[in-house]
Structure formats: C-alpha cells, structure tokens
Amino acid sequence: MPENPLTITQLSATQLAQLLSGAIRRKVTEPQVRQIAETAGIIAPDDTINLIEYTAFLVGELSNGRD
C-alpha cells in the first residue's frame, strides 16, 4: 500500500490537477484548479480540495440556465 494514498476528500490543488489531467487526457494546471476551487469557496483550512465538491460545483456551473 502506498505511504500517502490519495483521498478524494483531501487533495492538494496539484494532486487534483494531475488526477484531472489523467482523466481527460489534457493538461489541467494547479492554478486552474485553485481558481475554480476559490470561486466555489471549497478550499479547506488545510489547503485541500474535496473532489466531490469540486465536481458538484462544475456540474452546477454547467447546468446554470438550463433548467
């Protein structure tokens, strides 16, 4: 088992950028992730981001105006 396994509820902006880059096979940068997380107000006091909250925010942004 890895020493520091990823926890989807506590990812650094760098970890999340790497995870998203691999998932979409396109470069996602730490500043891009951080900007979205700051806009959403979802950066935890320990400077981590919850992937579920991040994804929910993006889904909400995509669905705005489509109700």
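A salt bridge is taken here as a side-chain nitrogen of Lys or Arg within 4 Å of a carboxyl oxygen of Asp or Glu. The structure is a predicted model, in which local features need pLDDT of at least 70 and side-chain atom pairs count only at pLDDT 80 or more, while totals for chains, interfaces and linings use all residues. Residues are numbered from 1 along each chain as its sequence is written, and side-chain values use heavy atoms, with hydrogens and water left out.

To begin with the overall picture, the protein chain holds three helices and zero strands, assigned as DSSP runs numbered from the N terminus (helices: H or I, at least four residues; strands: E, at least two). Its C-alpha atoms fill a box of roughly 45 × 30 × 20 Å along the principal axes. The accessible surface comes to about 5000 Å², and carbon and sulfur atoms contribute 54% of that area (Shrake-Rupley method, 1.4 Å probe; for residues, only the protein chains shown count as cover). Of the 67 residues, 21% are buried, where buried means under 20% relative accessible area, exposed over 50%, and partly exposed in between (1.4 Å probe, protein chains only).

The salt bridges come next, and by the rule above there are two. One joins the side chains of Glu30 and Arg34, with N and O 2.8 Å apart. These two residues sit four residues apart in helix H2 (residues 30-40), so about one helical turn separates them. In general, an α-helix has 3.6 residues a turn, so residues three or four places apart point the same way. Arg34 also forms a salt bridge with Asp47, whose closest N and O atoms are 3.1 Å apart. Because Arg34 lies in helix H2 and Asp47 in the loop between H2 and H3, this pair ties together parts that are 13 residues apart in sequence. Through shared partners, Glu30, Arg34 and Asp47 form one network. Glu30 is partly exposed at 26% relative accessibility, and Asp47 is partly exposed at 39%.

Two further sites complete the tour. In helix H1 (residues 13-24) lies Ser21, which counts as buried because its relative accessibility is 16%. Leaving aside residues up to four places away in sequence, Ser21 touches Arg26, Lys27 and Val28, a contact being heavy atoms within 4.5 Å.
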